Structures are given as structure tokens and as C-alpha cells.
Amino acid sequence: MIGLVVVSHSRALADAAVALATEMAPDTRPTVTVAAGLDATTFGTDATAVASAIERADSPDGVLVLMDLGSAVMSAELALELLDEDIAGRVTLCSAPLVEGLVAAVVTAAAGAPVQAVAAEALRGLSAKQQHLGDTAPAATEPGPAVADVSRDVEVANANGFHARPAARLVAKLSEFDATVTITNVTRDVGPVTADSMIMLVSLDSRAGDQLRSAATALRPRKPWRRS
């Protein structure tokens, strides 16, 4: 499983973001370290602290670093120069939004995805919110299987709709199976989207009473990052 590093000007902000993200993966979660603030109350970033955080999060599967802004990016870049080459070679710096990107990254990493897939999911962390508010083009839907082995319609019973926490639990459960699953919001004509992406599931904008159609097939090649 990859490691994650949060680089922020604010210790309080980083700690809160980590607490929110790790709540989405209560059972199995990646290592998440923080390099934030010059101390607990002073804003700023320090490349040495970032390098130390990367070392603590280091994994043979790689390390993904998320940053807030400005000098956080520069400190992360400088930190790579302070690290041993073998560790630095496993590090990916990601421009995803800090909070949304971290939530998506934790859920995807917990499912066993490689660093490239985790980075891609983090980068589209804003898409569900942007689509809901209409300040960008709708997220592209992803075609489902041509022929599903199983298809079922269910009604969203949760008063708060199919939001981030249950979506994260579904992603975790699906990581245990060698199957391709898509979900469509039939009521709102959104989808299908792949069910192994928390961000895409949230983009369905599913609310209480909506009809969701799930379709699953085990006929497609096994994704290499799925668990055995």
C-alpha cells in the first residue's frame, strides 16, 4: 500500500484534513504523515520536515504528496533533493485539492491501488462538487459493461443520500472482488460510473428516494491493483 504525505502551512488544517480523510477508511488505511506549519501554531513550511514526513510514509509501492499552496509546493520539491535517490524516486507530487484530494487518495489507496491510480483519483477530487454546482462541464460518464452478469435496481434509503462515507465503504468492499461494477442514477439520468471510484460515485448526486441501477460483470480482465 502506498504512503501519503500532507504538506500545509497550517498544522491545524493538515490534522483536520487527515482526520476527515481517514474516517472514510476506518478498517484498513494507508500511512498518512504530516509536514505542516513551522510549529503547532506558526504558519509556514519547512523542506526538512517534508523530507522527514516522506521518509516516515515511505513504501515500496510509492509515496503520494499533497500540498496546499505556494511555498508548500516549493518545500516539497526541495525535500526531494534532500532525500536518498531511491526514496525520492518513489515519490509523486500531486496538484490535487488538499482536502478533497486527500479524501479520495485515502479511500483509493486503502483499496490497494498503485500510486498512479491514487494520484488520478485525487486529481478529480473536485469533479463531483463542480458538477453539482454547475460551475464546470459535467464529469464524463464511463460506459458500463456491454453485457452484465448481474443487474439490480435499488432505492436510496439514506436520508442524506448516497454520500461520501457509504461510497467509500462500497469502494473498499468492491476491492475484494474480481469484478467490474457500474452504477447509474436512473432517477436523474446520471451515469453509468465505475463503482471503484468514490469521486465518481458521489458525482451521481444520489438523494433519498432515487433509483440506482448497479450492473456487475466478472468477465473483464482483472485490474492489476485489485486485491487477491
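Q: In what order do the four strands of the open sheet stand?
A: In this predicted model, an open sheet is built from four strands with antiparallel pairing. The twist averages 20 degrees from one strand to the next. The order of the strands is β5-β8-β6-β7.

Q: Which strands stand at the edges of the sheet?
A: A strand at the edge has a single partner strand, so one side of it is left without a neighbour in the sheet. This holds for the strands at residues 150-155 and 190-194. The edge strands are therefore β5 and β7.

Q: Over how many bridges do β5 and β8 pair?
A: Strand β8 covers residues 211-217 and pairs with β5 in the antiparallel sense. Within this pairing, Arg152 stands opposite Ser214 in β8. The number of bridges between β5 and β8 is six.

Q: At what angle do helices α1 and α5 pack?
A: Helix α1 comprises residues 11-23 and helix α5 comprises residues 98-110. Their axes lie 8 Å apart, and the crossing is right-handed. The packing angle is about 35 degrees.

Q: How many nonpolar residues does the contact of α1 with α5 have?
A: On the α1 side, the contact includes Leu13, Ala17 and Val18. By class, the contact has one polar residue and no charged residues, while the count of nonpolar residues is 10.

Q: At what angle does α5 pack with helix α6?
A: Helix α6 spans residues 115-123, and its axis is 8 Å from that of α5. The two helices pass in a right-handed crossing. The angle between them is about 145 degrees.

Q: How many charged residues are in the contact of α5 with α6?
A: Helix α5 contributes Gly101, Ala104, Ala105, Thr108 and Ala109, and helix α6 contributes Ala117, Val118, Glu121 and Ala122. Of these residues, six are nonpolar and two are polar. The number of charged residues is one.

Q: Which element gives the largest share of the largest nonpolar core?
A: The largest nonpolar core has 48 residues. Leu4, Val6, Leu64, Leu102, Val118, Met198 and Leu201 have the most contacts inside this core. The largest share, nine residues, comes from α5.

Q: Which charged residue is touched by Met198?
A: Residues up to four places away in sequence are not counted here.

Key: Residues numbered from 1 in each chain as written. Predicted model: local features only at pLDDT ≥ 70, side-chain atom pairs only at ≥ 80, totals over all residues. Heavy atoms only, no water. Axes fitted to C-alpha atoms, helices over the stretch in contact; angles between N-to-C directions. Left-handed = near helix turned anticlockwise from the far one by under 90°. Contact = heavy atoms within 4.5 Å. Nonpolar A, V, L, I, M, F, W, Y, C, P; charged D, E, K, R; others polar. Core = buried A, V, L, I, M, F, W, Y, C linked by side-chain atoms within 4.5 Å. Buried < 20%, exposed > 50% of the residue type's maximum accessible area, 1.4 Å probe, protein only. Pairing = 2+ DSSP bridges.
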